[in-house]
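Student: Please take me closely through the aromatic rings in this model. I would also like to see what surrounds them and how a few other spots are packed.

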Amino acid sequence: MNRLANALSPYLIQHADNPVHWYEWCDAAFEEARAENKPVLLSVGYSSCHWCHVMAHESFSDEEIAGVMNKHFVNIKVDREERPDVDALYMRALQLTGTGGGWPLTMFLTPKGEPFWGGTYFPPREKFGRPGFIDVLYSIARVYSGEPGKIADAVDAMGEGLAKLTQPQPSSDIAPDEILTQTRRFLEVTDNEHGGIPGGAPKFPQTQAMELLWRGWRRTGDSAARDAVLLAMERMCSGGIYDHLGGGFYRYSTDRYWLVPHFEKMLYDNALMISLLSAVWQDTRVELYRQRIEESVGWLLREMRLPSGAFASSLDADSSGGEGSFYVWREEEIDAILGDESGVFKETYDVSARGNWEGVCILNRLHGSKNADERLLSSLRARLLTEREKRERPSRDDKILSDWNGLAITALARASIALDRPEWMDAAFDAFAFIVENMHDGNGGLLHARRIKTSANMDESSVGAMAFSTDYAEMINAALTLYQLSGGEKFLRRALDWIGVLDRDYRVEDGAGYYDTSKSGERLLLRLRTSEDGAQPCANFVMAGVFAKLFHLTGESDYGERCAALLALDAGGLKTNFFSLAGLLCAADDFFHSTRVAVHGSGGESDVLLGIARRAPGPGIVVVRSGGETSEAVVCRGERCSLPVRDGELLRRGLSVPGMSLDVFGG
């Protein structure tokens, strides 16, 4: 066993029996590199990543390759989920070389941590037109020791590129109708045949972009934006990217048809999909979306919820039979389990002797009958799920991440209100309570990661890095969501407390925006300030939305000014990088176009009006409860308000109409 045996991260522990002399990310590794004048080999991945497993098996378990690594390099293994700051810095360095990002990330650094060359997956020996990893190792070692000028030039070039990336785009005031302009740009790159953005492969759910398009339709009644979202949702909910037996979405599709996924299931992906589907279902009442929400929340609570009430991070893509082996089927297996009833199932779920992927079948309903007996299919799926549970399960990464749990809490709360499932709200409360009580640093701040390992005699808890700005942003947003949807004042107080910590330790010196890391955290080469959405929403965009909500909730101008400053700081990027700024545009929509519903009175009819306002499908609806003897609601947009509304049905209809005008309420 190497140094990783006692790591927090399940991903690092997976590499504990490699013959490679791995370090975790630590000062000692760089001290050794300096003392021995060796380059650092940095390998970044995560536990549910298929190609990370492939490279681990092919190269890191190979005695010859490990010998070369140990002789010529100081080797560091990093879990990108535990240390997103390290991953973000060196992934950006890799992208400066013109290489597309991805995992495993393989970067070569000087003993000072300066990157000079890198790649992603390498086969052990040359194949697929890619250089063999062992040849790469020998080449890098030779150049590092014999041609230091080349290394210095590469370091300088990457350093200059990274420095430019830390500078925000020239600030620009964002127009109130910017969402309309940018919605059209997103529509230009959608796949009008198979759904999703972009038109080719691979395809990720792109929930931020989908939300923006949905807002565009809600704001203007633009049917093209609505149809683009509905097509994407229908294909994802019907395709192989969805687990039709156990619920939940895989990370992405390797093709443009949503058929063949990489089979890892991530907490953040599913949280974002549940939130989006809840919004779409509230407007459409399409049965498919309701079913996928219920099944996905069912998976979340059944397979991802830990005894503590918090949620684990991911399920692996691989198990003993290889990638996806837990999830795929052969026709003879279906026949043996379902007997005479297998015919209708096979026709509906694309099961055949030849298979639809590498000789096996990925269950999907892309082309199956939409008029099948759903009650029968439900019972058949249950029988298959029971049999599937007898297979060796993919491993679960059970570390708890504050930001991903924040996304899950928000999703559960929204789905609870949308589908009237109060037990889901209880699950959100439980997860929130765990983060508050167990993910704190003792000084009012959050921790990013914790892992609780349960043994026969005790629970051992390991704590990872201090929180990143994403942890605060998502937990603050979750707190405001719970406050609005449940009315608990403690959630608002907690949100404001966390904003205070974020301002104290993460705020950029000029006052607009937040660094990824705390001022008291570890100093890497650069202190990054992320200004675009990635696999999960950008913290600065989430906080812009938070300040927009607080502005409309409280009427305090300071929140509005802070939101406007955050929006302006990155709005200049819309000219060149609109695709990564969907979250910014959604926050701008909340700022400029939110609808404030003030519900007066207590109990009785007031509670009815409050429930209607909270279940309203439109984005940017801010609900405030106040006292008074008369049960009524007042709907405001900007500086204009409706007459008091006492008719619940009128309030429901008015808040449901796309492009809602206050004229529907009078006043």
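Tutor: Let's begin with the rule: rings of Phe, Tyr and Trp (its six-membered ring) pair if their centres lie within 6.5 Å, and planes under 30 degrees apart count as stacked, over 60 as edge-to-face and the rest as tilted. The model is predicted, so local features need pLDDT of at least 70 and side-chain atom pairs count only at pLDDT 80 or more, while totals for chains, interfaces and linings use all residues. Residues are numbered from 1 along each chain as its sequence is written, and side-chain values use heavy atoms, with hydrogens and water left out.

The rule gives 30 aromatic pairs. In one of them, Phe-108 and Trp-117, the ring centres are 6.1 Å apart and the planes meet at 35°, so this pair is tilted. Burial here goes by relative accessible area: buried is under 20%, exposed over 50% and partly exposed in between (1.4 Å probe, protein chains only). Phe-108 is buried because its relative accessibility is 0%, whereas Trp-117, at 36%, is partly exposed. Another pair is Tyr-250 with Phe-263: the centres are 5.1 Å apart and the planes stand at 70°, so the rings are edge-to-face. Tyr-250 sits in the loop between helix 10 (223–238) and strand 6 (252–253), and Phe-263 in the loop between strand 7 (261–262) and strand 8 (265–266), so the pair ties together parts 13 residues apart in sequence. Helices (H or I, at least four residues) and strands (E, at least two) are DSSP runs, numbered from the N terminus. Tyr-250 and Phe-263 are both buried.

Phe-108 and Trp-117 also belong to a cluster, in which ring pairs link them with Trp-22, Phe-60, Phe-73, Phe-122 and Phe-133.

Now for helix 5 (residues 84–96). Its buried residues are Asp-85, Val-86, Asp-87, Leu-89, Tyr-90, Met-91, Arg-92, Ala-93 and Leu-94. They pack against strand 2 (40–45), strand 3 (74–79), strand 4 (105–109), strand 5 (115–119) and helix 7 (148–165), where contact means heavy atoms within 4.5 Å. Just after helix 5, Gly-98 takes a positive phi of about 90°.

Leu-277, in helix 11 (residues 267–284), counts as buried because its relative accessibility is 0%. Beyond its neighbours within four places in sequence, Leu-277 touches Met-233, Cys-237, Phe-249, Tyr-289, Arg-292 and Ile-293. Among these, Cys-237 is 40 residues from Leu-277 in sequence and 9.8 Å away in space, C-alpha to C-alpha. Ser-580 is found in the loop between helix 22 (574–577) and helix 23 (582–593), and is buried with a relative accessible area of 16%. Apart from neighbours within four places in sequence, Ser-580 is in contact with Glu-532, Asp-533 and Phe-541.
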